[in-house]
Amino acid sequence: MSSHRGPLRKTSGNRLTAIMQVRNEAGRYLEQVLEELSELVDDIVIVDDGSTDNTAQLCLSFAKVKKLVTLQSSLFNREWELRQTLWELAVSTNPDWLLSVDADEFYEESAKREMRRLIDQDVYDWVSFRLFDFWGGTTHYREDEHWNIHTKHTRTLVRYLPNFHYFFPKMDHHVPRLPLSYSVLPGFLTELRVKHYGWAISPEELRRKYSRYLELDPEGRWGSLEQYESILDEQPHLVEWQEEH
């Protein structure tokens with residue numbers, strides 16, 4: 001490792017780089033996500049997966065977006081390659097910490113307030129949060145046997161260690177958003193929460209999403225066919241969200 005970087009783990013002055021992969025997100029939540037991220041992070045790195053709308057232009061309208069690469073043909077059917085492409089672009093910026101964010105995810109206010117304290121330390125190299133799948137709108141999240149990711153921890157914030165070996169499993173879909181190799185490094189499990197609005201959509205859009213999942217993964221090789229079917233539940237169990245300030 002080059003000596004000019006200083007210590008491997010810094011307790012102050014860490015830069016926070018958000019990383020995102022996007023595709024045809026204009027007119028959805030992307031603008032709001034980028035506005036919030038711009039107040040939270042130092043840099044934003046984006047891979048545009050062959051959008052056919054003005055997603056790329058929207059991204060570039062934000063000053064914090066330091067790198068954006070648009071793929072000429074989508075890697076949506078080879079998700080591990082898409083994750084790898086974004087990772088390589090991000091680490092080319094020589095980052096300190098990386099925050100993996102989807103184009104429809106929002107960190108709760110309490111999580112945003114803690115972010116700098118979470119990275120300015122030399123004890124652990126990754127941080128996990130509680131991710132909540134909102135359903136049908138932005139007031140309730142879903143909670144049942146197929147929709148319970150919030151009962152587990154999701155790793156979204158990692159320290160970049162230049163000489164560490166990083167790898168993604170070669171899966172077409174449902175690939176972890178950050179390299180699996182982080183699991184051997186010390187981490188911190190928080191109770192801080194992230195709101196995922198990817199399912200906060202109309203019944204028609206839910207039906208389209210269901211059809212797309214079945215088309216991409218007809219045998220349930222990468223995910224659960226039962227979970228795919230549950231997208232069509234007419235009366236899912238929803239819990240009202242209570243914001244913690």
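In helix H3 of this predicted model, the residues Glu79, Trp80, Leu82, Arg83, Leu86, Trp87, Leu89, Ala90 and Val91 are buried. The cover over these buried residues includes the strands E1 (16-22), E2 (43-48), E3 (65-70), E4 (97-100) and E8 (154-159).

**Helix H3**

- Helix H3 covers residues 79-91, which makes 13 residues, and from its first C-alpha to its last it reaches 18 Å, close to the 18 Å expected at 1.5 Å a residue.
- An α-helix has 3.6 residues a turn, so residues three or four places apart point the same way.
- Among the buried residues of H3 are Leu82, Leu86 and Leu89.

- Strands of a sheet pair through backbone hydrogen bonds, either parallel or antiparallel.
- Strands E1 and E4 run parallel and are joined by 4 bridges, and within this pair Ile19 has Ser100 of E4 as its bridge partner.
- Strands E4 and E8, in turn, run antiparallel and are joined by 3 bridges, with Val158 of E8 as the bridge partner of Leu98.
- Strand E6 (residues 126-133) pairs with strand E9 (residues 187-196) in the parallel sense over 7 bridges, and here the bridge partner of Trp126 is Gly187 in E9.
- In a regular strand the side chains alternate between the two faces of the sheet.
- Strand E4 is covered on both faces, with Trp97 and Leu99 on one side and Leu98 and Ser100 on the other, and all of these residues are buried.

**Helices packed on the sheet**

**The nonpolar cores**

- The largest nonpolar core has 40 residues, and those with the most contacts inside it are Met20, Leu34, Leu37, Leu99, Phe129 and Leu157.
- Helix H1 gives the most to this core, with 5 residues.
- Leu37, if residues up to four places away in sequence are not counted, touches Ala18, Met20, Ile44, Leu99 and Val101.

**Asp43, a charged residue in a strand**

- Asp43 is found in strand E2, and it counts as buried because its relative accessibility is 12%, which is under the 20% limit for buried residues.
- The side chain of Asp43 makes a polar contact of 3.1 Å with the side chain of Arg15, and another polar contact, of 2.8 Å, joins the side chains of Asp43 and Lys66.
- When neighbours within four places in sequence are left aside, the residues in contact with Asp43 are Arg15, Leu16, Thr17, Ala18, Lys64 and Lys66.

- Phe76 lies in the loop between E3 and H3, and it counts as partly exposed because its relative accessibility is 37%.
- Beyond its neighbours within four places in sequence, Phe76 is in contact with Asp49, Asp172, His173, Arg212 and Leu216.
- Phe76 and Leu37 are 39 residues apart in sequence, and from C-alpha to C-alpha they are 24 Å apart in space.
- Most residues other than glycine have a negative phi.
- Asn24, in the loop between E1 and H1, has a phi near 50°, which is a positive value in a residue other than glycine, and Asn24 is partly exposed, with a relative accessible area of 27%.
- His174, found in the loop between E8 and E9, has a positive phi of about 60° although it is not a glycine, and His174 counts as partly exposed at 34% relative accessibility.

Conventions
Residues numbered from 1 in each chain as written. Predicted model: local features only at pLDDT ≥ 70, side-chain atom pairs only at ≥ 80, totals over all residues. Heavy atoms only, no water. Helix = DSSP H or I, 4+ residues; strand = E, 2+ residues; numbered from the N terminus. Expected span 1.5 Å × (residues − 1). Buried < 20%, exposed > 50% of the residue type's maximum accessible area, 1.4 Å probe, protein only. Contact = heavy atoms within 4.5 Å. Pairing = 2+ DSSP bridges. Polar contact = N/O pair within 3.5 Å; in protein donor to acceptor, adjacent residues only side chain to side chain. Core = buried A, V, L, I, M, F, W, Y, C linked by side-chain atoms within 4.5 Å.
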